[in-house]
Amino acid sequence: MNNWGIPPWLEDEVRKRDKTCVYCGVKMAERMPPRGPRKNVATWEHIINDSSIVTRENIARCCVACNASKGTRKLSDWIESSYCKKRGITKNTVAEVVKKALRIDA
Ligand SMILES: [Zn+2]
């Protein structure tokens, strides 16, 4: 188990699935670089902000920038934010796992 209470089998599965940020699609770095920008480093994300939902549908990986921007906002609200607008992130550009969550969260 890591800090998020994600079992190893799920962690492996999600790592294999989410090579790029599920929100903005940037290619993510596995580790914090010793210097330089850290915004592309991979972080664990609960798509729906409920830490009790530990499923392949709700656990994903996104970049530091998207994670920081989304914070505790509801996915359907955040997707309308200026951060997403500026980067061209819409309901149609996000990863399939996020599209599914949006259909439930709407
Ligand atoms: Zn991102």
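Guide: The largest nonpolar core has 21 residues; a nonpolar core here is a set of buried Ala, Val, Leu, Ile, Met, Phe, Trp, Tyr and Cys residues joined through C-beta atoms within 7 Å. A residue is buried if 20 or more other C-beta atoms lie within 10 Å of its own, exposed if 12 or fewer, and partly exposed in between, with C-beta atoms placed from the backbone. The residues with the most contacts inside this core are Cys21, Val22, Tyr23, Cys62, Cys63, Cys66 and Val98. At least two core residues come from each of β2 (59–63), α2 (64–70) and α5 (96–105), and β2 gives the most, with four. Helices (H or I, at least four residues) and strands (E, at least two) are DSSP runs, numbered from the N terminus.

This is a predicted model, in which local features need pLDDT of at least 70 and side-chain atom pairs count only at pLDDT 80 or more, while totals for chains, interfaces and linings use all residues. Residues are numbered from 1 along each chain as its sequence is written.

Leaving aside residues up to four places away in sequence, Val22 touches Ala60, Arg61, Cys62, Val94, Ala95, Val97 and Val98; contact requires C-beta atoms, placed from the backbone, within 7 Å. Among contacts in the protein chain between residues at least 6 apart in sequence, 56% join residues at least 24 apart.

In the chain as a whole, buried residues make up 24% of the 106 residues. Five helices and two strands are present, in the sequence order α-β-β-α-α-α-α.

How values were computed. Contact = placed C-beta atoms within 7 Å.
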